[in-house]
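Me: Hi! Could you walk me through this model? I'll ask as I go.

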Amino acid sequence: MSYVDPMGLIYALINFIRANEESELKSFRGKASWSAKRAIAESEPITSSCPRWLSLDKNDKTFSIIPARAKVVKDIFSFAKKGVSNTKIAETFNRHKVPAWKSDSLWTRDKVGWIARSSAVIGTFVPHVIEWKDGRQTRVPCPPIRRYYPAIISVDTFQQVQTGRLTSNWAGHGSINYILNQLAVCENCGSLMIISPSAPNGPSMICSASVAGTLAHYAPIAYGPVDAALRQGLSAIFTACDISAPGYGRSRRLSVAQNNVDRARRELLAVSLSSSHTDLLEEMRHTLYLLEQDLLDKADMYQHSATRKLEEKLSEAIGYLSTGRHDKKSSIAINKVMRIIFSKVIVGSETGYIDLYHEEGKTHRIDT
């Protein structure tokens, strides 16, 4: 029979309590320090570190722009607006021997991506504090400070690039279980909501515009209760959906065909009002006829295949919800069905209601 030293257990418990108290004290001191610094942030820099396209004059306490590096930043945003990936931008820079900002280094996807999502380019500084939990450090973001740095990219351009990032496949792998991905929008400004796993009170939904510093409202909404309420209420909503009704699902080919017909009709109308060339008009009418037939064919094909696929996706999502499955595969499946059925979702920070909007304006409401 082994002997357990009771005093050893007491000493271990005392050391654990002391370590926890020290962690809480360090967190408190860190927060207090940043609170004091924020008070002077609008008049002078509160830290000597800054983005690599800027330099700090310690005597004047002002930031100045490094022109050559600022041009690189502008080129990154110019490429990003056109939908060029981070990898392709880095390859282009390396191929044209654009100097990286560290000696003997090359441009990488990660370096380009950091710049493309950094709100410092529009002058916003996002401070972080170190919180201590169970003896471990965690960097926690604080509300952004706007107009802290000199801006080199317009707010409109920055917001356009961020929206592109959020609605693309490379929008961040930390949100794979976020079933409101590309659906939740801010109740204040309509910008996309993102999930922040390191928010002060745990995983939270935060307006992307406020995180970027383009707008001032920074009000994280705890994501756990929202997710739980959605998973509880969605099954009944999905079951009641009539997916055979027009409007559910989208077909890129069908949209392209419709756009071609609309454009041909506009062009024919414009020419018929300003031209008497009968040969040209006859040719345009024939082209329009062919495009309309193509649209009808695609619509007929889509009506049968799309409904069947939607039924399969809907059944799969309902199955995941009924079993309580909560992993990457099930979350993606539920999110896909939600994006087919709903145009947007708004979570009320004050009311706690989750409003799910259909394209035609009808809504479903879930209470958290």
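**Helix over sheet**

Reply: Helix H7 lies across strands E8, E9 and E10, running at about 135° to E10. Helices (H or I, at least four residues) and strands (E, at least two) are DSSP runs, numbered from the N terminus. Axes are lines fitted to C-alpha atoms, for helices over the stretch in contact, and angles run from 0 to 180 degrees between N-to-C directions. Contact means heavy atoms within 4.5 Å.

Me: What should I know about the source?

Reply: This is a predicted model, where local features need pLDDT of at least 70, side-chain atom pairs count only at pLDDT 80 or more, and totals for chains, interfaces and linings use all residues. Residues are numbered from 1 along each chain as its sequence is written, and side-chain values use heavy atoms, with hydrogens and water left out.

Me: Thanks. In what order do the strands of that open sheet come?

Reply: The order is E8-E9-E10, with antiparallel pairing. Two strands pair if DSSP finds at least two bridges between them.

Me: Which strands stand at the edges?

Reply: Strands E8 (344–347) and E10 (363–367) do; each has a single partner strand, so one side of each is left without a neighbour in the sheet. Neighbouring strands here are turned by 15° against each other on average, direction ignored.

Me: And how many bridges join E8 to E9?

Reply: Four, with the two strands running antiparallel. Ile346, for example, has Asp355 in E9 as its bridge partner.

Me: Where does Tyr353 lie?

Reply: Tyr353 is in strand E9, which covers residues 353–357. Not counting residues up to four places away in sequence, Tyr353 touches Ile346, Val347, Gly348, Arg365, Ile366 and Asp367. Its C-alpha atom is separated by 6.1 Å from that of Thr368, 15 residues apart along the chain.

Me: Back to the helix. Is Arg231 buried or exposed?

Reply: Arg231 sits in H7 (residues 223–240) and counts as buried, at 13% relative accessibility. Buried means under 20% relative accessible area, exposed over 50%, partly exposed in between (1.4 Å probe, protein chains only).

Me: What does its side chain join up with?

Reply: A polar contact of 3.1 Å links the side chains of Arg231 and Ser331. A polar contact is a pair of N or O atoms within 3.5 Å; within protein, one must be able to donate a hydrogen and the other to accept it, and residues adjacent in sequence count only if both atoms are side-chain atoms.

Me: New topic: how many aromatic pairs are there?

Reply: Twelve. Rings of Phe, Tyr and Trp (its six-membered ring) pair if their centres lie within 6.5 Å; planes under 30 degrees apart count as stacked, over 60 as edge-to-face and the rest as tilted. Trp53 and Trp114 have ring centres 6.2 Å apart and planes at 50°, so this pair is tilted.

Me: How exposed are those two?

Reply: Trp53 is buried, with a relative accessible area of 0%, whereas Trp114 is partly exposed at 43%.

Me: Last one: what does the secondary structure come to overall?

Reply: The protein has ten helices and ten strands. Buried residues make up 36% of its 368 residues.
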